[in-house]
Amino acid sequence: MDHVHAIVEALQPLVLVLFFGVVAAMSSRALRLSPIVGYLALGVAAKASGLVDPKNETIELLAELGVVFLLFDIGLHFSLRHIREQAADIFGFGPVQVALGALALGAGALALGFPLLPALLLGATLALSSTAVVAGLLAERRQQNCPVGLTATAILIFQDIAAIFLLIVVVALGGGSDDMAAQLAMAVVKAATAFGVAFLLARMVVRPLFDLIARTDNAEVFTASALLVALAASWATGTVGLSLTLGAFLGGVIIAETPYRPIIQAETKPFRNLLLSFFFISVGMSLDLHALSVHWPAILAVAAAIIAVKIVTNALSGLIFRWSAPGSLQLGFLLAQGSEFAFVILSLAPMRLMIGARASAVVIAAVALSLALTPFLARAGRAIAGRLRARAASKTEHELVSREFAAPVLIVGMGRMGRTVADALTEFDIAYAAVEQKQKTFAEANADGYDVLYGDASDPRLWDPLELRGRKIVVITTPNLPVSRDLSPLTARFFPHIKRLSVAETIEERDAFRELGMFPVIDVSTPPGLDLAVEVLCAVGIDRRKAMEWALAHETRATVVEAA
């Protein structure tokens, strides 16, 4: 009985935090605020009411795991292909934006009396913007593939890298002041070694391991394996004296280089969101309530200063890279908030020791306020940019040149029909992505040189990892009418811009797919998929005559190969 009582007592704070967390998230959404703000407010309220012990070890552990899974998810987006495609923005625009913001905000901290090193670290921390809030805002407004959205995402990727090294530096500073340069140098060497090991493991260990796991066709094994990679990588870097978060980031990078990224991202997203909410709640619980009540004017002033300085420095970065004034201002407003990494860095003991507990509480509260204002700032920046463009005579601003990095076509199913469609698109230099849920077909297609991701496209959890918002056409080569009936309302609501082509075997099935808003094709060609490929080519803008000529040539080649 005592054992049961102990379990009940341990669960009580978790139940309370989860219940009020749901309330906080729903209330924030209703008020059109970021859920992060609701979680911070919940943490403050929980501490003030005394319902939850701020030093509860279980909540502290879950909060730490929240940061681990945030960095793991960021690593999942950090593929070499993505880096190559946006190298100019990531390694050009990003460093300039961070450097200008860090210098300006660091100078402000110096003017307020902080020593040089703490002032520079504080400036660099505040120069970062919120990946979670901005990415969510861009997705909500469907701006991921517009020039401002693409550049903002590239800058955030660089900021995530910079945040990793900021964490390394701050943790190294906690080792004491003796021979600090040697400590920092050793931390950088260890981090560089960890990156090298991660890329080797991605190619030599993790890919073969997940190939083996895929043969089990068991989603639970994927979930367990993803958790294992994230936690084991964190444990490994922690063991050698680096931060747990660096290991989590590298764990994500390891998986990002494999075709299993979408399914891993889908399986771990619920853990990330839940655990990250505990982190923000714990940050709210760690705030000095007395300092907040006494220093609220300072909080407002610091928040206003952060936003104003970052609007100016972000806009200046845009002008340096030949953006127009309207585009630079829009980007400046979009990235004017603080970062969730500020909560992580300012919560570390070495940083609190350098700037003081009260200053840390004021800055954390100011960053939270800037996050709350982000939707309004983004809307204001967009409106100002629109008015400035309307007045301008020229409409050829550099940043308005369209750039798309998500392949316009997604092929679902890479059997014979899917391969034929892929061949057609390749012939006309049209990028595509492909996904296959049958392990054998997936392995054979990859072995034959097709770039295929592993996963079940009918699972809505995979739609975000598969970047459906950036697609224009989805080609379903293995359709299932009952599944299409269930999913059509969701796809019509969230992706009304996508044209869905599918194979139909009979006239009745064709009519049924049409009623769902799809574009069915009865494919009777040899080899299979030629009729479907022609319709896909026409849908992406290829002249029908050229598409038919390709189909005839492909059919002739296939006949010759079979005869031989």
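Visitor: Over which ring does the charged end of Lys 499 sit?

Guide: A charge sits over a ring if NZ of Lys or CZ of Arg is within 6 Å of the ring centre and within 35 degrees of the ring normal. Here the charged end of Lys 499 sits over the ring of Phe 519, 4.6 Å from its centre. This is a predicted model, where local features need pLDDT of at least 70 and side-chain atom pairs count only at pLDDT 80 or more, while totals for chains, interfaces and linings use all residues. Residues are numbered from 1 along each chain as its sequence is written, and side-chain values use heavy atoms, without hydrogens and water.

Visitor: Which residues are linked into a cluster by ring pairs?

Guide: Rings of Phe, Tyr and Trp (its six-membered ring) pair if their centres lie within 6.5 Å. Such pairs link Phe 210, Tyr 260, Phe 442 and Tyr 454. The count comes to 8 aromatic pairs.

Visitor: In what order do the 6 strands of the open sheet run?

Guide: Strands of a sheet pair through backbone hydrogen bonds, either parallel or antiparallel. Strands are DSSP runs of E, at least two residues, numbered from the N terminus. Two of them pair if DSSP finds at least two bridges between them. The order is β3-β2-β1-β4-β5-β6, with parallel pairing. β3 (452-454) and β6 (519-522) each have a single partner strand, so one side of each is left without a neighbour in the sheet.

Visitor: How many bridges join β2 and β3?

Guide: Strand β2 (residues 432-436) pairs with β3 over 3 bridges, in the parallel sense. Val 435 stands opposite Leu 453 in β3.

Methods
Phe/Tyr/Trp six-rings, centres within 6.5 Å; stacked < 30°, edge-to-face > 60°. Helix = DSSP H or I, 4+ residues; strand = E, 2+ residues; numbered from the N terminus.
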